[in-house]
Amino acid sequence: MSKAEFAIIGTGEVPCGIYPERSEFEIAYTAAKLAIKDAGIDKNEIGAILGAAHIMGSEYNTELFFGRLPEAIGAKGCKITAATISGGASSFSIRKTAEGILHSGKTDTVLVIHAQRFSQFSTNEQVKYFATAGSDAEWDVPYGMTYNSLAAMMTQAYMTSTGTTIRQVASVCVALRKWANLQPNAMFYKKPLTVEEVLNSRMVAYPLTAYMCNVLADGGCAYIMTTVEKAKKVCDKPVYILGEGSGYSHRSITAAKIRDLGKMYEFYAPIAKEAYEEAGLGPEDMDIFEIYGAYPVGQLMIMDSLGFVEPGKSGALVEAGETSPGGKYPVSTNGEALSFGHTGTGVGFAIFVESVRQLQGKAGKAQVPGAKFLIENCAGGAYMDMHFTVMGNEIPSQL
Amino acid sequence: MDKETIKQKFNLTDEDLKKPLPVPQKWSKPFWEGAKQHKLLLKKCQDCGHIDHPPYLYCTNCMSENSKWIEASGRATLYAYCVNEYGVPFYFMPDLPYVVALVDLDEGPRMISNIVECDPKELKNGMKLEVVFDDVSPEVTLPKWRPVKE
């Protein structure tokens, strides 16, 4: 049975894509204003403002550390401001920080912000950064490993272990694109994609073609988190945090807890189970699966773990269209990193904000009718960890 | 593309094309000194027998600092691989295409390395590999792997 303590009452988001003239500050301030407006609260009610720091540094990081956000937003009641980061898992660690602050009772309203502008860096700077950040400087980088190499090796291992075909891997990109085509803020909004186009795009790191790899983008979002008590008073449709599960595996993929990379569900599934159990719900209760897998193989490995498909058969399910709009198991309804846009640590934030929108019935054309419960995740590093969260617009124990 | 073409095309200097080399930590130095002598060394705990690769300050199993560097057999199995063809930093462009792989040593640890001296199309997960030493600079040698000829 869930003992929900925290709820989200509003979100804000800016379009994701390549917008070189839009600074991180503009993104942050805009997303914050939208979230405050959406929540219907006064900005001076906010007692804490948390920002996600960047893994690829910029002036924004420094200003975050020096407390720019509360001043610029004009949050006169702000008592605490901080930057939180754990790479791709930041959307989880920042939320835990928010929960800790709310739990202390010093404030009942926290604003969380993510803003990113990758277009300020040259292509080579980005390639170089993601070659060195995803890989170990001493043991991986000298061998010419990149982030794409990591995902490519995992894909190759996963395909060999499970019998998943490259066509099924490509169909993950297509399913995500179909969702993005319903999302006006997505980088690839109104840009349809076919399996043939994915398979015929330039080979980047065999077996991964260009459309199976991510394009770094500019974007950002924000949300307002409060206690369940306050949420019920000020919001028509709060979204409750019902259950969570976390696990850490490794820094380098060579030290992963699971040796057979086709069976990552052996690590992920118990974590998802913890989240389900804490919520008092199961996979059969989920209306949506908001997965952050970054690459197609990540999507498949996580689907394998969530209890709605037999492990190793996720590729077939995606190929059959069951995770696409109108399918039986909606997965990643904003199009995720591959089609919404890869904003670094922001992918997890975007998935979280989309989760809230879906449960508030504000997801527009991508709305899954009557969505009540969902499970979402984020993960960081070189697939270093996993965090699952079950959310709902009802608290199961009160049904 | 060769080095000169890449330099002209992207307006680069020789410095831009210098490959990053491993900078050993205090606790990993013996590995790289061994590689220089064409020996593949692994850090083995003398208290619990655990082998750590990558090595750390102390045994990640029992925290003992009582360790010994043992020479590995140089035999391994290919676990998984990819072939980099595009989207690598400038300094790896002259090497394209090249194979990055997860290699399972007979002694247990898994390593990231390159598979060399073979056509990538002939690679197969589970195939037997043997170590080769690539002297990439006067100071640094990288252990790499090639398929064992049947």
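Me: Which residues of α10(A) are buried?

Reply: Heads up, this is a predicted model: local features need pLDDT of at least 70, side-chain atom pairs count only at pLDDT 80 or more, and totals for chains, interfaces and linings use all residues. Residues are numbered from 1 along each chain as its sequence is written, while chains are lettered from A and ligands numbered from 1 in the order in which they are written. A residue is buried if 20 or more other C-beta atoms (placed from the backbone) lie within 10 Å of its own, exposed if 12 or fewer do, and partly exposed in between. For α10(A), the buried ones are Y265(A), F267(A), Y268(A), A269(A), A272(A), A275(A), Y276(A), E278(A) and A279(A).

Me: How far apart are the end C-alpha atoms of α10 of chain A?

Reply: Helices are DSSP runs of H or I with at least four residues, strands are runs of E with at least two, and both are numbered from the N terminus. The expected span of a helix is 1.5 Å times one less than its number of residues. The 15 residues of α10(A) (265–279) should therefore span 21 Å, which agrees with end C-alpha atoms that are apart by 20 Å.

Me: What is the bridge partner of G51(A) in β4(A)?

Reply: β2 (48–52) and β4 (109–117) of chain A pair in the parallel sense, over four bridges. In β4(A), the partner of G51(A) is I113(A).

Me: How are α4(A) and α14(A) set to each other, roughly parallel or roughly perpendicular?

Reply: Axes are lines fitted to C-alpha atoms, for helices over the stretch in contact, and angles run from 0 to 180 degrees between N-to-C directions. α4 (90–104) and α14 (346–360) of chain A pack at about 65°, with axes 7 Å apart. Angles under 35 degrees are roughly parallel, over 145 roughly antiparallel, 65 to 115 roughly perpendicular, and the rest oblique. The two helices are therefore roughly perpendicular.

Me: Which element gives the largest share of the side of chain A that touches chain B?

Reply: The contact takes 28 residues from chain A and 33 residues from chain B. On the chain A side, α5 (123–132), α6 (147–162) and β5 (203–206) each supply at least two residues. The largest share, seven residues, comes from α6(A).

Me: Which residue of β4(B) is the bridge partner of A205(A)?

Reply: β5(A) and β4 (75–84) of chain B run antiparallel and are joined by two bridges. A205(A) has as its partner N84(B).

Technical notes:
Contact = placed C-beta atoms within 7 Å. Pairing = 2+ DSSP bridges.
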